[in-house]
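User: I would like to go through a structure together, with some questions as we proceed. Could you show it first?
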Protein chains: 2
Amino acid sequence: MAIIKRETDYAVRALRKLAGADDFVSVSVLAEGEDVPAIFLRKIMQRLNRAGMVQSRQGPFGGYRLNVAPEDITLLDVVETVQGPLVMNECFVEPEVCRRTEFCPVRVRLAELQVELNARLAEVTLGEVFSAEPAGEGAAR
Amino acid sequence: MAIIKRETDYAVRALRKLAGADDFVSVSVLAEGEDVPAIFLRKIMQRLNRAGMVQSRQGPFGGYRLNVAPEDITLLDVVETVQGPLVMNECFVEPEVCRRTEFCPVRVRLAELQVELNARLAEVTLGEVFSAEPAGEGAAR
DNA sequence: GATAATAGGAGTGATATACTCTTATTGAAT
DNA sequence: ATTCAATAAGAGTATATCACTCCTATTATC
């Protein structure tokens, strides 16, 4: 199972393009050459907009532009606003699913992992990601 | 989104009961009082069996028993055999979904997180989890 | 006012999740 | 040997989630 969904992936690509522009960029331009369906990307951009990460402008020459510097946007921010919060287990968000929440020893350990995963995702900023050299030493292959 | 699925959760509960028994335990007993549908748990136990984590015996007084000590089973082992491997992004497991895999700067960072998440899950053994005091200092609330 | 863009919400097809059901097979007790 | 208690394997199913699309505003420029 993939932890990061396509929506989030698409959002990162769009934010990357926005980081390289200084004016408003339309969704169709953002989608261009990215294998992203434009009208789907529009829905994703709306979420980023509501979260205040980007700013929108309607009408001709409208589109989106960054509202926050890439260095101040973390991977966790994008994940949470686009696909919703990540939790280790369902019981963290819906306690009713399990009635042994309060004394569950597994839960204690998962809570620790949860904190750490979020912290790691929050350490990575888009500024850092965008400035990285394109797979220099073949790191991710 | 929850990273750990119910199947895995159910598996951990069953393994916990097995750790407290020294003979074969039937699926119906394993499911007892755990809010787990017995015939669903049976399917999960079959996967643990195929992975060699437990041993099965058919016939009367049959059931399952541990085949590996709880200290030698990690949370990662359970996750991977029950719900399949965890990956940060789809492109780690199906490169065709994205043709910029080779030069993607996001992927490099995700690969690092991936390694770390797996390492953390592999650090937690069932032995450790089971021996933990039931929510001593209210850690997970 | 026409045109070019986004906003919001409802709708859809495919896949995955969380199960159930049916038909073997195996093993212990009688 | 027969019966009965258990698992094995695989097909089947309902619901939810994912990955989108469509339609009807609204807003801003020319």
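User: How far is a polar side-chain atom of Arg50(A) from a phosphate oxygen of DNA strand C?
Analyst: In this predicted model, a polar side-chain atom of Arg50(A) is placed 3.4 Å from a phosphate oxygen of DNA strand C.

User: Which elements give two or more residues to the surface near DNA strand C?
Analyst: In chain A they are helix H3 (38-50), strand E2 (54-57) and strand E3 (63-66), and in chain B they are helix H1 (6-19) and helix H3 (38-50). H3(A) gives the most, with five residues.

User: How many residues surround DNA strand C, and which are the closest?
Analyst: There are 23 residues around DNA strand C, and the closest are Val27(A), Arg42(A), Tyr64(A), Lys5(B) and Gln58(B). Of the atoms of DNA strand C that come within 4 Å of the protein, 62% belong to sugar and phosphate.

User: How do the residues of that surface near DNA strand C divide by class?
Analyst: The surface near DNA strand C has eight nonpolar, nine polar and six charged residues.

User: Now the other strand. Which residues are closest to DNA strand D?
Analyst: Lys5(A), Gln58(A), Val27(B), Arg42(B) and Tyr64(B) are the closest of the 24 residues that surround DNA strand D. Sugar and phosphate make up 62% of the atoms of DNA strand D that come within 4 Å of the protein.

User: What does a polar side-chain atom of Lys43(B) lie 2.6 Å from?
Analyst: It lies at that distance from a base nitrogen of DNA strand D.

User: Which element provides the largest share of the surface near DNA strand D?
Analyst: H3(B) provides the largest share, with five residues. The elements that each supply at least two residues are H1 and H3 of chain A, together with H3, strand E2 (54-57) and strand E3 (63-66) of chain B. By class, the surface near DNA strand D divides into eight nonpolar, nine polar and seven charged residues.

User: Which residues line the largest cavity?
Analyst: The lining consists of Leu113(A), Glu116(A), Leu117(A) and Arg120(A), with Leu113(B), Glu116(B), Leu117(B) and Arg120(B). The elements that give two or more residues to this lining are helix H5 (105-123) of chain A and helix H5 (105-123) of chain B. By class, the lining of the largest cavity has four nonpolar, no polar and four charged residues.

User: And the pockets: what is the volume of the largest pocket?
Analyst: The volume of the largest pocket is about 470 Å³. It is lined by 25 residues, and those closest to its centre are Cys98(A), Arg100(A), Cys104(A), Asp9(B) and Arg13(B).

User: Which element gives the most to the lining of the largest pocket?
Analyst: H1(B) gives the most, with eight residues. H5 of chain A and H1 of chain B each supply at least two residues of that lining. The lining of the largest pocket has 13 nonpolar, two polar and ten charged residues.

User: Which residues lie nearest the centre of the second largest pocket?
Analyst: They are Arg13(A), Arg100(B), Cys104(B), Pro105(B) and Val106(B), out of 21 lining residues. The second largest pocket has a volume of about 300 Å³, and the largest share of its lining, six residues, comes from H1(A).

User: One last topic. What average pLDDT does chain A have?
Analyst: Chain A averages a pLDDT of 89, and 94% of its residues score at least 70. Over residues 135-141 of chain A, pLDDT stays under 50. For residues 135-141, the model has eight contacts beyond four places in sequence.

How values were computed:
Residues numbered from 1 in each chain as written. Chains lettered and ligands numbered in written order. Predicted model: local features only at pLDDT ≥ 70, side-chain atom pairs only at ≥ 80, totals over all residues. Heavy atoms only, no water. 1 Å grid on protein atoms, 1.4 Å probe; cavity = no way out; pocket = protein on both sides within 12 Å on 5 of 7 lines; lining within 4 Å. Helix = DSSP H or I, 4+ residues; strand = E, 2+ residues; numbered from the N terminus. Nonpolar A, V, L, I, M, F, W, Y, C, P; charged D, E, K, R; others polar. Near = heavy atom within 4 Å. Polar contact = N/O pair within 3.5 Å; in protein donor to acceptor, adjacent residues only side chain to side chain. pLDDT = per-residue confidence, 0-100. Contact = heavy atoms within 4.5 Å. Points joined across faces, edges and corners; volume = space filled by probe spheres on them.
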